[in-house]
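Here is a short briefing to read with the model open beside you. Take it topic by topic, and pick out the residues as you go.

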Amino acid sequence: MRRSGHHLHRANPKQGAGGLKGLMGRLSIAVIVLLICTVSLYISSTSKAGFGSVSRSEIKAEELWSPADSGGWRPSSAPRSDWPPPPKESNGYLKVRCNGGLNQQRSAICNAVLAARIMNATLVLPELDANSFWHEKSGFHGIYDVENFIRTLRYDVRIVESIPDVRKNGKTKKIKPFQLRPPRDAPISWYTSVALEKMREHGAIYLTPFSHRLAEEIDNPEYQRLRCRVNYHALRFKPHILRISQSIVDKLRNQGHFMSIHLRFEMDMLAFAGCFDIFTPEEQKILKKYREENFAKKRLVYSERRAIGKCPLTPEEVGLILRSMGFDNSTRIYLAAGELFGGERFMKPFRALFPRLENHSSVESSEELVENVRGLTGSAVDYMVCLLSDIFMPTYDGPSNFANNLLGHRLYYGFRTTIRPDRKALAPIFIDRENGRTAGFEEAIRRAMLGTHFGGPHERISPESFYTNSWPECFCQMSPKNPADKCPPDNVLAILNSRLVESERDNDLDVSTHSNSTTSVGR
(Lines give C-alpha, C1' and ligand atoms only; values in the text may rest on other atoms or scores of the structure.)
Protein backbone atom coordinates (compact mmCIF):
# COMPACT_ATOMS: atom_id res chain seq x y z
CA MET A 1 0.00 0.00 0.00
CA ARG A 2 1.34 3.48 -0.81
CA ARG A 3 1.01 6.84 0.84
CA SER A 4 -1.80 9.21 -0.09
CA GLY A 5 0.15 12.34 -0.98
CA HIS A 6 -0.05 13.93 2.43
CA HIS A 7 3.49 13.53 3.75
CA LEU A 8 4.43 15.99 6.49
CA HIS A 9 7.49 18.05 5.63
CA ARG A 10 10.28 19.24 7.80
CA ALA A 11 9.76 21.89 10.41
CA ASN A 12 12.42 24.08 9.02
CA PRO A 13 12.21 23.96 6.52
CA LYS A 14 -26.01 8.05 -2.50
CA GLN A 15 -26.09 9.40 -4.27
CA GLY A 16 -28.00 6.32 -5.68
CA ALA A 17 -26.63 4.17 -8.45
CA GLY A 18 -29.08 5.71 -10.92
CA GLY A 19 -29.34 9.33 -12.03
CA LEU A 20 -26.05 10.89 -11.07
CA LYS A 21 -24.09 7.77 -11.88
CA GLY A 22 -25.56 7.72 -15.35
CA LEU A 23 -24.82 11.37 -15.83
CA MET A 24 -21.24 10.84 -14.71
CA GLY A 25 -20.83 8.29 -17.42
CA ARG A 26 -21.47 11.03 -19.96
CA LEU A 27 -19.91 14.04 -18.31
CA SER A 28 -16.68 14.61 -16.44
CA ILE A 29 -16.67 14.91 -12.68
CA ALA A 30 -15.65 18.55 -12.98
CA VAL A 31 -18.70 19.37 -15.11
CA ILE A 32 -20.93 17.83 -12.47
CA VAL A 33 -19.32 20.00 -9.83
CA LEU A 34 -20.01 23.01 -12.08
CA LEU A 35 -23.64 21.94 -12.47
CA ILE A 36 -23.93 21.73 -8.71
CA CYS A 37 -22.86 25.38 -8.56
CA THR A 38 -25.62 26.49 -10.92
CA VAL A 39 -28.46 24.34 -9.62
CA SER A 40 -29.99 25.02 -6.22
CA LEU A 41 -29.24 22.34 -3.68
CA TYR A 42 -32.16 22.85 -1.36
CA ILE A 43 -32.63 20.00 1.11
CA SER A 44 -35.61 20.21 3.40
CA SER A 45 -34.52 20.88 6.94
CA THR A 46 -37.60 19.10 8.22
CA SER A 47 -36.61 15.86 6.55
CA LYS A 48 -33.07 16.15 7.78
CA ALA A 49 -33.50 17.71 11.23
CA GLY A 50 -30.45 17.31 13.39
CA PHE A 51 -27.78 18.08 10.80
CA GLY A 52 -25.72 21.03 9.66
CA SER A 53 -25.79 23.85 12.18
CA VAL A 54 -29.02 22.57 13.75
CA SER A 55 -28.63 21.20 17.27
CA ARG A 56 -28.96 17.40 17.56
CA SER A 57 -30.20 15.20 20.34
CA GLU A 58 -29.26 11.88 18.77
CA ILE A 59 -27.28 10.30 15.95
CA LYS A 60 -29.07 8.12 13.40
CA ALA A 61 -26.52 6.31 11.26
CA GLU A 62 -29.00 5.64 8.43
CA GLU A 63 -29.54 9.40 7.98
CA LEU A 64 -25.84 10.10 7.63
CA TRP A 65 -25.75 8.39 4.23
CA SER A 66 -27.56 11.46 2.82
CA PRO A 67 -26.01 14.94 2.55
CA ALA A 68 -26.23 17.31 5.50
CA ASP A 69 -28.89 20.01 5.75
CA SER A 70 -27.94 22.92 3.47
CA GLY A 71 -29.94 25.50 5.40
CA GLY A 72 -30.91 27.02 2.03
CA TRP A 73 -27.27 27.58 1.01
CA ARG A 74 -25.70 26.44 -2.23
CA PRO A 75 -22.11 26.62 -3.50
CA SER A 76 -21.28 29.64 -5.63
CA SER A 77 -17.84 31.02 -6.38
CA ALA A 78 -18.81 33.39 -9.23
CA PRO A 79 -18.10 37.11 -8.67
CA ARG A 80 -20.95 39.13 -7.11
CA SER A 81 -19.51 42.59 -7.55
CA ASP A 82 -17.56 44.44 -10.22
CA TRP A 83 -14.89 42.04 -11.49
CA PRO A 84 -13.08 43.39 -14.55
CA PRO A 85 -11.22 40.97 -16.83
CA PRO A 86 -7.43 40.88 -16.61
CA PRO A 87 -5.83 43.73 -18.57
CA LYS A 88 -4.03 42.82 -21.77
CA GLU A 89 -0.85 44.45 -20.47
CA SER A 90 0.36 42.95 -17.19
CA ASN A 91 3.09 44.08 -14.81
CA GLY A 92 5.19 41.03 -15.59
CA TYR A 93 5.34 37.27 -15.13
CA LEU A 94 4.77 35.36 -11.89
CA LYS A 95 6.41 31.95 -11.57
CA VAL A 96 6.05 29.81 -8.44
CA ARG A 97 7.36 26.47 -7.17
CA CYS A 98 4.68 24.61 -5.22
CA ASN A 99 6.37 22.33 -2.69
CA GLY A 100 4.90 19.49 -0.62
CA GLY A 101 2.43 16.75 -1.49
CA LEU A 102 -0.60 16.89 -3.78
CA ASN A 103 -2.90 18.86 -1.49
CA GLN A 104 -0.30 21.26 -0.17
CA GLN A 105 0.54 22.00 -3.79
CA ARG A 106 -3.16 22.42 -4.59
CA SER A 107 -3.54 25.15 -1.97
CA ALA A 108 -0.36 26.80 -3.25
CA ILE A 109 -1.77 26.89 -6.80
CA CYS A 110 -4.89 28.65 -5.50
CA ASN A 111 -2.67 31.21 -3.77
CA ALA A 112 -0.56 31.67 -6.91
CA VAL A 113 -3.62 32.56 -9.00
CA LEU A 114 -4.78 35.02 -6.36
CA ALA A 115 -1.31 36.57 -6.10
CA ALA A 116 -1.25 37.01 -9.90
CA ARG A 117 -4.64 38.74 -9.79
CA ILE A 118 -3.54 41.02 -6.95
CA MET A 119 -0.38 42.09 -8.81
CA ASN A 120 -1.92 42.19 -12.30
CA ALA A 121 0.68 39.61 -13.33
CA THR A 122 0.69 36.96 -16.02
CA LEU A 123 0.85 33.61 -14.24
CA VAL A 124 3.27 31.01 -15.54
CA LEU A 125 1.83 27.51 -15.17
CA PRO A 126 2.79 26.56 -11.58
CA GLU A 127 5.77 24.30 -11.10
CA LEU A 128 5.15 21.24 -8.89
CA ASP A 129 8.05 20.31 -6.66
CA ALA A 130 9.91 17.33 -8.12
CA ASN A 131 12.08 17.04 -5.01
CA SER A 132 9.31 16.44 -2.49
CA PHE A 133 8.70 13.19 -0.65
CA TRP A 134 7.31 11.58 -3.80
CA HIS A 135 10.23 12.45 -6.09
CA GLU A 136 7.37 13.04 -8.52
CA LYS A 137 8.30 14.21 -12.02
CA SER A 138 4.95 14.23 -13.80
CA GLY A 139 4.46 17.95 -13.11
CA PHE A 140 1.33 20.01 -13.65
CA HIS A 141 0.72 18.50 -17.09
CA GLY A 142 0.78 14.97 -15.67
CA ILE A 143 -1.80 15.62 -12.94
CA TYR A 144 -4.13 18.40 -14.08
CA ASP A 145 -6.05 19.30 -17.23
CA VAL A 146 -4.04 22.34 -18.36
CA GLU A 147 -6.55 23.44 -21.01
CA ASN A 148 -9.39 23.47 -18.46
CA PHE A 149 -7.22 25.36 -15.96
CA ILE A 150 -6.44 28.18 -18.39
CA ARG A 151 -9.96 28.34 -19.85
CA THR A 152 -11.76 28.35 -16.47
CA LEU A 153 -9.65 31.25 -15.17
CA ARG A 154 -9.75 33.39 -18.33
CA TYR A 155 -11.94 35.98 -16.58
CA ASP A 156 -9.49 36.24 -13.68
CA VAL A 157 -5.85 36.05 -14.79
CA ARG A 158 -3.76 35.56 -17.89
CA ILE A 159 -1.85 32.25 -17.85
CA VAL A 160 1.02 31.06 -20.03
CA GLU A 161 2.80 27.72 -19.98
CA SER A 162 6.25 29.32 -19.99
CA ILE A 163 7.82 32.77 -20.05
CA PRO A 164 8.15 33.80 -23.70
CA ASP A 165 11.34 35.24 -25.15
CA VAL A 166 11.37 38.95 -25.97
CA ARG A 167 12.79 40.60 -29.06
CA LYS A 168 14.77 43.77 -28.63
CA ASN A 169 16.86 45.52 -31.26
CA GLY A 170 16.42 42.54 -33.55
CA LYS A 171 17.71 40.09 -30.96
CA THR A 172 15.89 37.40 -28.98
CA LYS A 173 16.36 37.68 -25.26
CA LYS A 174 15.26 35.42 -22.41
CA ILE A 175 13.66 36.93 -19.32
CA LYS A 176 15.37 35.67 -16.18
CA PRO A 177 12.94 35.77 -13.23
CA PHE A 178 14.20 37.37 -10.03
CA GLN A 179 14.03 34.79 -7.22
CA LEU A 180 12.25 35.71 -3.99
CA ARG A 181 11.35 33.79 -0.84
CA PRO A 182 7.94 35.07 0.34
CA PRO A 183 7.30 35.26 4.10
CA ARG A 184 5.01 32.56 5.46
CA ASP A 185 1.36 33.69 5.31
CA ALA A 186 2.46 36.94 3.68
CA PRO A 187 -0.17 39.73 3.64
CA ILE A 188 -1.48 41.19 0.40
CA SER A 189 0.64 44.30 1.07
CA TRP A 190 3.84 42.25 0.58
CA TYR A 191 2.71 41.30 -2.93
CA THR A 192 1.67 44.84 -3.86
CA SER A 193 4.97 46.31 -2.60
CA VAL A 194 8.04 44.06 -2.37
CA ALA A 195 7.02 41.47 -4.98
CA LEU A 196 5.50 43.94 -7.41
CA GLU A 197 8.53 46.23 -7.25
CA LYS A 198 10.86 43.36 -8.20
CA MET A 199 8.48 42.23 -10.94
CA ARG A 200 8.48 45.67 -12.55
CA GLU A 201 12.24 45.86 -12.23
CA HIS A 202 13.04 42.46 -13.73
CA GLY A 203 9.95 41.64 -15.80
CA ALA A 204 9.40 38.37 -13.93
CA ILE A 205 9.73 36.95 -10.42
CA TYR A 206 10.14 33.37 -9.19
CA LEU A 207 8.63 32.70 -5.75
CA THR A 208 10.08 29.64 -4.05
CA PRO A 209 9.12 27.82 -1.94
CA PHE A 210 5.44 28.64 -2.29
CA SER A 211 3.63 26.68 0.40
CA HIS A 212 1.49 28.77 2.79
CA ARG A 213 2.94 31.98 1.35
CA LEU A 214 -0.26 34.04 1.22
CA ALA A 215 -2.49 34.74 4.21
CA GLU A 216 -5.62 32.58 4.29
CA GLU A 217 -7.90 35.04 6.03
CA ILE A 218 -8.37 37.97 3.66
CA ASP A 219 -11.04 40.58 4.19
CA ASN A 220 -12.14 40.49 0.57
CA PRO A 221 -14.88 37.97 -0.33
CA GLU A 222 -14.15 38.23 -4.06
CA TYR A 223 -10.54 37.18 -3.52
CA GLN A 224 -11.72 34.22 -1.47
CA ARG A 225 -14.20 33.24 -4.17
CA LEU A 226 -11.36 33.29 -6.69
CA ARG A 227 -9.57 30.71 -4.54
CA CYS A 228 -12.70 28.54 -4.71
CA ARG A 229 -12.92 28.89 -8.49
CA VAL A 230 -9.37 27.62 -8.75
CA ASN A 231 -9.75 24.81 -6.21
CA TYR A 232 -13.14 23.44 -7.20
CA HIS A 233 -13.42 24.27 -10.91
CA ALA A 234 -10.07 25.03 -12.56
CA LEU A 235 -8.05 22.23 -10.94
CA ARG A 236 -9.52 19.25 -12.74
CA PHE A 237 -7.50 16.05 -12.77
CA LYS A 238 -6.39 14.44 -16.03
CA PRO A 239 -8.92 12.14 -17.76
CA HIS A 240 -7.10 8.91 -16.81
CA ILE A 241 -7.24 9.86 -13.11
CA LEU A 242 -10.96 10.61 -13.33
CA ARG A 243 -11.55 7.37 -15.23
CA ILE A 244 -9.77 5.19 -12.63
CA SER A 245 -11.49 7.01 -9.75
CA GLN A 246 -14.93 6.65 -11.29
CA SER A 247 -14.35 2.95 -11.95
CA ILE A 248 -13.54 2.39 -8.27
CA VAL A 249 -16.57 4.41 -7.13
CA ASP A 250 -18.90 2.53 -9.49
CA LYS A 251 -17.72 -0.85 -8.22
CA LEU A 252 -18.08 0.22 -4.60
CA ARG A 253 -21.51 1.76 -5.16
CA ASN A 254 -22.79 -1.30 -7.02
CA GLN A 255 -23.22 -2.88 -3.58
CA GLY A 256 -24.86 0.17 -1.99
CA HIS A 257 -23.54 3.04 0.11
CA PHE A 258 -19.89 3.24 1.04
CA MET A 259 -17.81 5.29 3.43
CA SER A 260 -14.22 6.48 2.93
CA ILE A 261 -11.78 6.86 5.80
CA HIS A 262 -8.46 8.67 5.76
CA LEU A 263 -6.65 6.42 8.22
CA ARG A 264 -3.71 8.60 9.25
CA PHE A 265 -1.89 6.06 11.42
CA GLU A 266 1.41 6.41 9.62
CA MET A 267 5.03 6.89 10.62
CA ASP A 268 5.38 10.57 9.77
CA MET A 269 2.19 11.59 11.57
CA LEU A 270 2.90 9.48 14.65
CA ALA A 271 6.42 10.89 14.83
CA PHE A 272 5.10 14.42 14.39
CA ALA A 273 2.52 13.91 17.16
CA GLY A 274 5.05 12.31 19.51
CA CYS A 275 2.82 9.32 20.25
CA PHE A 276 5.27 6.48 20.87
CA ASP A 277 4.32 4.50 23.98
CA ILE A 278 1.88 2.04 22.40
CA PHE A 279 4.65 0.69 20.17
CA THR A 280 7.41 -1.85 20.75
CA PRO A 281 10.88 -0.56 21.80
CA GLU A 282 12.17 -1.18 18.27
CA GLU A 283 9.26 0.71 16.70
CA GLN A 284 9.71 3.57 19.17
CA LYS A 285 13.34 3.83 18.15
CA ILE A 286 12.27 4.18 14.48
CA LEU A 287 9.70 6.88 15.30
CA LYS A 288 12.09 8.87 17.48
CA LYS A 289 14.80 8.76 14.82
CA TYR A 290 12.33 9.94 12.17
CA ARG A 291 11.21 12.79 14.42
CA GLU A 292 14.77 13.93 15.13
CA GLU A 293 15.56 13.98 11.42
CA ASN A 294 12.40 15.74 10.25
CA PHE A 295 10.87 17.92 12.96
CA ALA A 296 11.88 20.60 15.42
CA LYS A 297 13.02 19.47 18.85
CA LYS A 298 10.20 19.59 21.39
CA ARG A 299 9.42 18.04 24.77
CA LEU A 300 6.66 15.49 24.18
CA VAL A 301 5.10 13.32 26.89
CA TYR A 302 2.81 10.61 25.51
CA SER A 303 0.35 10.61 28.42
CA GLU A 304 -0.04 14.39 28.19
CA ARG A 305 -0.41 14.35 24.41
CA ARG A 306 -2.94 11.52 24.57
CA ALA A 307 -5.03 13.22 27.27
CA ILE A 308 -5.62 16.31 25.11
CA GLY A 309 -6.34 14.44 21.88
CA LYS A 310 -3.05 15.13 20.12
CA CYS A 311 -2.47 11.51 19.10
CA PRO A 312 -3.91 10.04 15.89
CA LEU A 313 -6.78 7.63 16.50
CA THR A 314 -5.78 3.98 16.29
CA PRO A 315 -7.66 1.82 13.76
CA GLU A 316 -9.47 0.09 16.64
CA GLU A 317 -10.61 3.45 18.07
CA VAL A 318 -11.99 4.42 14.66
CA GLY A 319 -13.98 1.18 14.57
CA LEU A 320 -15.32 1.71 18.09
CA ILE A 321 -16.50 5.23 17.20
CA LEU A 322 -18.38 3.97 14.13
CA ARG A 323 -19.96 1.07 16.03
CA SER A 324 -21.06 3.43 18.83
CA MET A 325 -22.68 5.68 16.21
CA GLY A 326 -24.79 2.79 14.94
CA PHE A 327 -22.87 1.50 11.92
CA ASP A 328 -22.84 -2.30 11.72
CA ASN A 329 -20.35 -4.80 10.31
CA SER A 330 -22.01 -4.75 6.87
CA THR A 331 -20.73 -1.19 6.31
CA ARG A 332 -18.43 -1.00 3.30
CA ILE A 333 -15.34 1.15 3.94
CA TYR A 334 -12.75 2.46 1.50
CA LEU A 335 -9.39 3.16 3.16
CA ALA A 336 -7.27 6.01 1.84
CA ALA A 337 -4.02 5.48 3.68
CA GLY A 338 -0.35 4.89 3.27
CA GLU A 339 1.54 2.14 5.02
CA LEU A 340 0.10 1.77 8.52
CA PHE A 341 2.80 1.83 11.16
CA GLY A 342 2.79 -1.24 13.36
CA GLY A 343 1.21 -3.37 10.68
CA GLU A 344 -1.52 -5.96 10.99
CA ARG A 345 -1.70 -6.07 14.78
CA PHE A 346 -3.31 -2.62 14.74
CA MET A 347 -5.62 -3.44 11.81
CA LYS A 348 -6.87 -6.76 13.19
CA PRO A 349 -9.27 -5.26 15.83
CA PHE A 350 -10.63 -2.81 13.24
CA ARG A 351 -11.19 -5.58 10.69
CA ALA A 352 -12.98 -7.66 13.34
CA LEU A 353 -15.49 -4.83 13.78
CA PHE A 354 -15.75 -3.91 10.08
CA PRO A 355 -14.63 -6.76 7.80
CA ARG A 356 -15.67 -5.06 4.52
CA LEU A 357 -12.53 -2.95 4.18
CA GLU A 358 -11.30 -1.96 0.72
CA ASN A 359 -8.55 0.09 -0.90
CA HIS A 360 -7.89 1.00 -4.52
CA SER A 361 -5.95 -2.22 -5.16
CA SER A 362 -8.65 -4.53 -3.80
CA VAL A 363 -11.42 -2.80 -5.78
CA GLU A 364 -9.71 -2.10 -9.08
CA SER A 365 -6.98 -4.42 -10.36
CA SER A 366 -6.66 -3.08 -13.90
CA GLU A 367 -3.25 -2.58 -15.48
CA GLU A 368 -3.98 1.16 -15.76
CA LEU A 369 -4.42 1.39 -11.97
CA VAL A 370 -1.24 -0.57 -11.27
CA GLU A 371 0.68 1.85 -13.44
CA ASN A 372 -0.80 4.91 -11.69
CA VAL A 373 -0.96 4.14 -7.96
CA ARG A 374 2.29 5.81 -7.00
CA GLY A 375 3.09 9.43 -6.28
CA LEU A 376 0.77 12.34 -6.89
CA THR A 377 -1.37 10.36 -9.35
CA GLY A 378 -2.20 7.71 -6.78
CA SER A 379 -3.01 10.39 -4.22
CA ALA A 380 -5.31 12.04 -6.76
CA VAL A 381 -7.22 8.76 -7.22
CA ASP A 382 -7.71 8.43 -3.45
CA TYR A 383 -8.78 12.08 -3.32
CA MET A 384 -11.51 11.60 -5.93
CA VAL A 385 -12.86 8.39 -4.38
CA CYS A 386 -13.07 10.13 -0.98
CA LEU A 387 -14.74 13.16 -2.57
CA LEU A 388 -17.43 11.00 -4.18
CA SER A 389 -18.05 8.66 -1.23
CA ASP A 390 -21.32 8.96 0.70
CA ILE A 391 -19.50 9.61 3.97
CA PHE A 392 -15.92 10.74 4.59
CA MET A 393 -14.13 10.36 7.91
CA PRO A 394 -10.68 11.86 8.56
CA THR A 395 -9.00 10.39 11.64
CA TYR A 396 -6.40 13.15 12.06
CA ASP A 397 -7.38 16.38 10.31
CA GLY A 398 -5.02 18.72 12.21
CA PRO A 399 -1.97 19.21 9.98
CA SER A 400 -3.23 16.86 7.23
CA ASN A 401 -3.63 18.73 3.93
CA PHE A 402 -5.33 15.72 2.34
CA ALA A 403 -8.11 15.61 4.95
CA ASN A 404 -8.51 19.38 5.23
CA ASN A 405 -8.86 19.96 1.49
CA LEU A 406 -11.34 17.11 1.19
CA LEU A 407 -13.48 18.50 4.02
CA GLY A 408 -13.69 21.80 2.16
CA HIS A 409 -14.33 20.19 -1.22
CA ARG A 410 -17.13 17.98 0.14
CA LEU A 411 -18.74 21.01 1.79
CA TYR A 412 -18.69 22.81 -1.56
CA TYR A 413 -19.77 19.67 -3.41
CA GLY A 414 -23.24 19.70 -1.87
CA PHE A 415 -22.68 19.41 1.93
CA ARG A 416 -21.70 15.75 1.65
CA THR A 417 -21.60 14.05 5.04
CA THR A 418 -18.35 14.07 6.99
CA ILE A 419 -17.65 12.48 10.36
CA ARG A 420 -15.00 14.47 12.22
CA PRO A 421 -14.06 12.85 15.53
CA ASP A 422 -13.38 15.34 18.32
CA ARG A 423 -10.19 13.71 19.58
CA LYS A 424 -9.96 15.98 22.62
CA ALA A 425 -13.47 15.03 23.77
CA LEU A 426 -12.92 11.35 22.95
CA ALA A 427 -9.52 10.96 24.64
CA PRO A 428 -10.73 10.62 28.26
CA ILE A 429 -13.42 8.14 27.15
CA PHE A 430 -10.85 5.86 25.51
CA ILE A 431 -8.46 6.25 28.46
CA ASP A 432 -11.26 5.17 30.84
CA ARG A 433 -11.94 2.13 28.66
CA GLU A 434 -8.26 1.13 28.70
CA ASN A 435 -8.36 1.37 32.51
CA GLY A 436 -11.35 -1.00 32.71
CA ARG A 437 -14.07 1.63 33.13
CA THR A 438 -16.35 0.56 30.29
CA ALA A 439 -19.81 1.36 31.67
CA GLY A 440 -21.64 3.78 29.37
CA PHE A 441 -18.77 3.74 26.85
CA GLU A 442 -20.86 3.85 23.66
CA GLU A 443 -23.24 6.48 25.06
CA ALA A 444 -20.24 8.65 25.98
CA ILE A 445 -18.89 8.30 22.42
CA ARG A 446 -22.25 9.36 20.97
CA ARG A 447 -22.42 12.42 23.25
CA ALA A 448 -18.93 13.47 22.14
CA MET A 449 -19.84 13.06 18.48
CA LEU A 450 -23.04 15.12 18.78
CA GLY A 451 -20.92 18.25 18.84
CA THR A 452 -19.70 17.83 15.25
CA HIS A 453 -21.16 19.37 12.08
CA PHE A 454 -21.47 16.29 9.84
CA GLY A 455 -20.76 18.37 6.75
CA GLY A 456 -23.34 21.14 7.13
CA PRO A 457 -22.63 24.89 6.82
CA HIS A 458 -20.99 26.30 9.95
CA GLU A 459 -18.96 29.27 11.04
CA ARG A 460 -15.22 29.09 10.39
CA ILE A 461 -13.38 29.53 13.65
CA SER A 462 -9.59 29.56 13.94
CA PRO A 463 -7.63 27.34 13.56
CA GLU A 464 -10.03 25.92 10.94
CA SER A 465 -8.62 26.67 7.50
CA PHE A 466 -10.40 28.49 4.67
CA TYR A 467 -9.57 25.47 2.50
CA THR A 468 -11.44 23.30 5.03
CA ASN A 469 -14.45 25.59 5.28
CA SER A 470 -15.08 28.31 2.67
CA TRP A 471 -18.51 29.18 4.12
CA PRO A 472 -19.95 31.76 3.75
CA GLU A 473 -17.76 33.41 1.08
CA CYS A 474 -18.19 30.62 -1.50
CA PHE A 475 -21.88 29.97 -0.84
CA CYS A 476 -25.05 31.94 -1.52
CA GLN A 477 -28.80 31.97 -0.91
CA MET A 478 -31.63 32.72 -3.32
CA SER A 479 -33.61 34.50 -0.59
CA PRO A 480 -30.98 35.76 1.84
CA LYS A 481 -31.44 37.85 4.96
CA ASN A 482 -28.09 39.51 4.21
CA PRO A 483 -27.84 41.04 0.68
CA ALA A 484 -24.16 40.05 0.56
CA ASP A 485 -25.24 36.39 0.55
CA LYS A 486 -27.52 36.75 -2.51
CA CYS A 487 -26.68 34.40 -5.38
CA PRO A 488 -25.28 36.02 -8.53
CA PRO A 489 -27.54 36.14 -11.62
CA ASP A 490 -27.91 32.95 -13.64
CA ASN A 491 -26.22 34.63 -16.62
CA VAL A 492 -23.11 35.65 -14.65
CA LEU A 493 -20.81 33.73 -17.01
CA ALA A 494 -22.32 35.46 -20.03
CA ILE A 495 -21.75 38.83 -18.34
CA LEU A 496 -18.12 38.00 -17.58
CA ASN A 497 -17.58 36.74 -21.11
CA SER A 498 -19.06 39.88 -22.71
CA ARG A 499 -16.77 42.05 -20.56
CA LEU A 500 -13.76 39.97 -21.60
CA VAL A 501 -14.68 40.23 -25.30
CA GLU A 502 -15.24 43.97 -24.93
CA SER A 503 -11.89 44.41 -23.18
CA GLU A 504 -10.03 42.49 -25.89
CA ARG A 505 -11.80 44.49 -28.62
CA ASP A 506 -10.78 47.76 -26.94
CA ASN A 507 -7.19 46.54 -26.72
CA ASP A 508 -7.20 45.65 -30.42
CA LEU A 509 -8.54 49.13 -31.24
CA ASP A 510 -5.81 50.74 -29.15
CA VAL A 511 -3.15 48.75 -31.00
CA SER A 512 -4.70 49.61 -34.38
CA THR A 513 -4.97 53.33 -33.53
CA HIS A 514 -1.36 53.38 -32.32
CA SER A 515 -0.22 51.63 -35.52
CA ASN A 516 -2.10 54.06 -37.79
CA SER A 517 -0.76 57.02 -35.84
CA THR A 518 2.79 55.76 -36.25
CA THR A 519 2.25 55.31 -40.01
CA SER A 520 0.89 58.87 -40.39
CA VAL A 521 3.89 60.36 -38.60
CA GLY A 522 6.17 58.38 -40.92
CA ARG A 523 4.56 60.03 -43.93
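What follows covers helix packing, nonpolar cores and some backbone details.

This is a predicted model.

**H3 against H7**
- On the H3 side, the contact is made by Arg106, Ile109, Cys110, Asn111, Val113, Leu114, Arg117 and Ile118.
- H7 contributes Tyr223, Leu226, Arg227, Val230 and Asn231 to that contact.
- Sorted by class, the contact of H3 with H7 has eight nonpolar, two polar and three charged residues.

**H7 against H17**
- Asn231, Tyr232 and His233 of H7 meet Gly408, His409 and Tyr412 of H17 here.
- The residues of this contact of H7 with H17 divide into two nonpolar, four polar and no charged.

- In soluble globular proteins, nonpolar side chains tend to be buried together.
- The largest nonpolar core has 75 residues, and Leu94, Phe149, Tyr191 and Phe237 touch the most other members.
- H3 gives the most to this core, with 11 residues.
- Leaving aside neighbours within four places in sequence, Phe237 is in contact with Leu102, Arg106, Ile143, Tyr144, Asp145, Leu242, Ala380, Tyr383 and Met384.
- A second, separate core of 45 residues includes Ile261, Ala271, Tyr290 and Leu322.

**Cis peptide bonds**
- Ser462 is joined to Pro463 by a cis peptide bond, with omega near 15°.
- Pro463 sits in the loop between helix H19 (441-449) and strand S15 (475-476).
- The bond between Trp471 and Pro472 is also cis, with omega about 5°, and Pro472 lies in the loop between H19 and S15.

- Asn120 is not a glycine, yet its phi is positive, at about 50°.
- You will find Asn120 in the loop between H3 and strand S3 (122-124), where Asn120 is partly exposed, with a relative accessible area of 22%.
- Asp185 has a positive phi too, near 50°, and lies in the loop between strand S8 (178-180) and helix H6 (188-202).
- Asp185 counts as partly exposed, at 40% relative accessibility.

Technical notes
Residues are numbered from 1 along each chain as its sequence is written. This is a predicted model: local features need pLDDT of at least 70, side-chain atom pairs count only at pLDDT 80 or more; totals for chains, interfaces and linings use all residues. Side-chain values use heavy atoms; hydrogens and water are left out. Contact means heavy atoms within 4.5 Å. Helices (H or I, at least four residues) and strands (E, at least two) are DSSP runs, numbered from the N terminus. Ala, Val, Leu, Ile, Met, Phe, Trp, Tyr, Cys and Pro count as nonpolar, Asp, Glu, Lys and Arg as charged, and the others, Gly among them, as polar. A nonpolar core is a set of buried Ala, Val, Leu, Ile, Met, Phe, Trp, Tyr and Cys residues joined through side-chain atoms within 4.5 Å. Buried means under 20% relative accessible area, exposed over 50%, partly exposed in between (1.4 Å probe, protein chains only).
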